[in-house]
Amino acid sequence: MTQYEFTNNIKLHAGALRSHALKFTNDIDDANDLLQDTLVKATRFASKLDQGTNIRAVFL
């Protein structure tokens, strides 16, 4: 997966990720922190994702 594809997938699913994080935390600030931590880790390991990986399934 290229960096461009990864970035586009993240942008596409960021809203759903934030919503999912909010269900866990019940606090918007905590949900945003959780989302940020998740995206930092995802970016760090993006090179390990195979072509065609379902990003939504990886995060949710």
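**Exercise 1.** Which residues make up the largest nonpolar core?

*Solution.* Before you start, know that this is a predicted model, where local features need pLDDT of at least 70, side-chain atom pairs count only at pLDDT 80 or more, and totals for chains, interfaces and linings use all residues. Residues are numbered from 1 along each chain as its sequence is written, and side-chain values use heavy atoms, leaving out hydrogens and water.

Step 1: look for buried Ala, Val, Leu, Ile, Met, Phe, Trp, Tyr and Cys residues joined through side-chain atoms within 4.5 Å. Buried means under 20% relative accessible area, exposed over 50%, partly exposed in between (1.4 Å probe, protein chains only).

Step 2: you get seven residues, namely Phe6, Ile10, Leu17, Leu35, Leu39, Ala42 and Ala46. At least two come from each of α1 (3–25) and α2 (28–44); helices are DSSP runs (H or I, at least four residues), numbered from the N terminus.

**Exercise 2.** Work out why Phe6 counts as buried.

*Solution.* Step 1: find Phe6 in helix α1. Step 2: check its relative accessibility; it's 3%, so Phe6 is buried. Step 3: now jump 40 residues along the chain to Ala46, and you'll find the two C-alpha atoms separated by 7.2 Å.
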